[in-house]
Amino acid sequence: MVRDAGLSDLPLDQVRTLLAVVDEGTFDAAALALHVTPSAVSQRVKALEQRTGRVLLMRTKPVRPTESGEVLVRMARQMARLERDAFAELGLTADGAPARVSVAVNADSLATWFLDALTQLPRESGPALELRREDEDHTAALLREGVVMAAVTSSPDAVPGCSVRPLGRMRYLPVAAPEFVVRYLRGRELREALAEAPVIAFDRRDDFQDDFVRQLGGGPAGAGGPGGASGPGGASGPGGASARRHFVPASEGFLGCVLAGLGWGLVPEAQAEPLVRAGQLEHLAAAGRPVDMPLYWQQWKLDSPALSAVAGAVLKAAAKSLRP
């Protein structure tokens with residue numbers, strides 16, 4: 001009968017081997033990284049699965065951890081982080097390399113307020129950062145998989161093993177270029193016009209603009225109008241309706257497409273407001289209809305000086321730039 005294993009029951013070499021297999025993608029590559037034979041890697045993983053009584057890896061190419069495997073992978077990364085921090089405090093690091101902190105952050109935060117946090121970290125003695133750009137609705141998945149130590153997320157629900165703190169609300173404005181407004185929106189009811197006009201989206205998972213149009217009572221955005229009249233770059237869809245959705249997976253490129261009149265979109269207030277004042281963009285809704293995205297900081301529950309320094313800088317920058 002297999003019993004649940006406690007932390008003391010999990011040999012470190014087996015846990016580290018599991019992490020190596022996930023990071024390298026195959027048993028053979030993990031063997032090369034660990035300087036052991038593929039057979040030894042396989043035996044360690046099987047022993048760990050027997051010890052925990054759970055399947056930890058999906059034997060695909062590349063290898064993927066199961067839900068139980070993600071728990072141990074996350075634990076292995078945290079142990080490695082603690083080990084590096086302890087060695088640094090003891091002055092035992094051979095190469096003198098700075099501590100590295102991996103953070104997942106959404107593109108709009110990265111393009112507006114997040115970089116202010118980096119400038120608050122010590123230039124010489126501060127940690128090195130590894131930033132992973134990901135949509136705020138999906139950054140929590142990277143935390144859950146143990147790929148990053150912290151993340152800017154839209155979820156207030158803490159990932160297991162993580163703490164969560166509110167950062168504030170990031171405000172977005174529905175905007176379009178003046179010539180776009182004249183061509184597609186002027187003299188029409190806004191909810192119908194936005195549902196039919198070309199729209200800019202970040203990627204195929206981005207339903208931010210759709211939600212906004214639905215709140216107005218229309219939607220989805222970019223569905224195309226009767227008869228299939230095509231907008232800039234549009235392509236005919238089923239039934240003759242126009243597929244008027246442009247995917248632009250970068251904050252600066254997203255704004256550039258809106259400025260160029262390729263479509264309307266929800267743009268961060270920090271980017272949009274100066275352009276509205278300059279007459280380069282028009283605000284498409286009444287002042288009472290901005291869209292606020294609550295953001296949260298999630299991080300490993302880990303006593304790491306480097307991670308604490310990054311968290312402090314991020315919270316300070318968010319307090320200055322985001323709405324409470």
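This is a predicted model: local features need pLDDT of at least 70, side-chain atom pairs count only at pLDDT 80 or more; totals for chains, interfaces and linings use all residues.

Q: Is α1 parallel, antiparallel, perpendicular or oblique to α2?
A: Helix α1 covers residues 12-24 and helix α2 residues 27-34, and their axes sit 8 Å apart at an angle of about 120°. Angles of 65 to 115 degrees count as roughly perpendicular and those over 145 as roughly antiparallel. The pair's angle of about 120° therefore makes α1 oblique to α2.

Q: How many nonpolar residues does the contact of α1 with α2 have?
A: On the α1 side you've got Thr17, Ala20, Val21 and Glu24, and α2 brings Phe27, Ala29, Ala30, Ala33 and Leu34. Sort that contact by class and there's 1 polar and 1 charged residue, while the nonpolar count is 7.

Q: How do the axes of α2 and α3 lie to each other, parallel or perpendicular?
A: Helix α3 spans residues 38-52, and its axis comes within 8 Å of that of α2, crossing at roughly 105°. Since 65 to 115 degrees is the range for the label, α2 is roughly perpendicular to α3.

Q: How many charged residues are in the contact of α2 with α3?
A: From α2 come Phe27, Asp28, Ala30, Ala31 and Leu34, which meet Pro38, Val41, Ser42, Arg44 and Val45 of α3. By class, this contact has 7 nonpolar residues and 1 polar, and the charged ones number 2.

Q: Where is proline 62, whose peptide bond from lysine 61 is cis?
A: The bond from lysine 61 to proline 62 has omega near 0°. As for its place, proline 62 is in the loop between β1 (57-58) and β2 (64-65).

Q: How many charged residues line the second largest pocket?
A: This pocket holds about 320 Å³ of space, and Asp108, Asp135, Glu136, Asp206 and Phe208 are the closest to its centre among 23 lining residues. α5 (107-111), α10 (208-216), α11 (251-259) and β11 (265-268) each supply at least two residues of the lining. Split by class, the lining has 9 nonpolar and 5 polar residues, and the charged count is 9.

Terms used: Residues are numbered from 1 along each chain as its sequence is written. Side-chain values use heavy atoms; hydrogens and water are left out. Axes are lines fitted to C-alpha atoms, for helices over the stretch in contact, and angles run from 0 to 180 degrees between N-to-C directions. Helices (H or I, at least four residues) and strands (E, at least two) are DSSP runs, numbered from the N terminus. Angles under 35 degrees count as roughly parallel, over 145 as roughly antiparallel, 65 to 115 as roughly perpendicular and the rest as oblique. Contact means heavy atoms within 4.5 Å. Ala, Val, Leu, Ile, Met, Phe, Trp, Tyr, Cys and Pro count as nonpolar, Asp, Glu, Lys and Arg as charged, and the others, Gly among them, as polar. On a 1 Å grid over the protein atoms alone, a cavity is a set of points where a 1.4 Å probe fits but cannot get out, and a pocket is an open set with protein on both sides within 12 Å along at least five of seven lines; lining residues have an atom within 4 Å of a point. Grid points are joined across faces, edges and corners, and a volume is the space filled by probe spheres set on the points.
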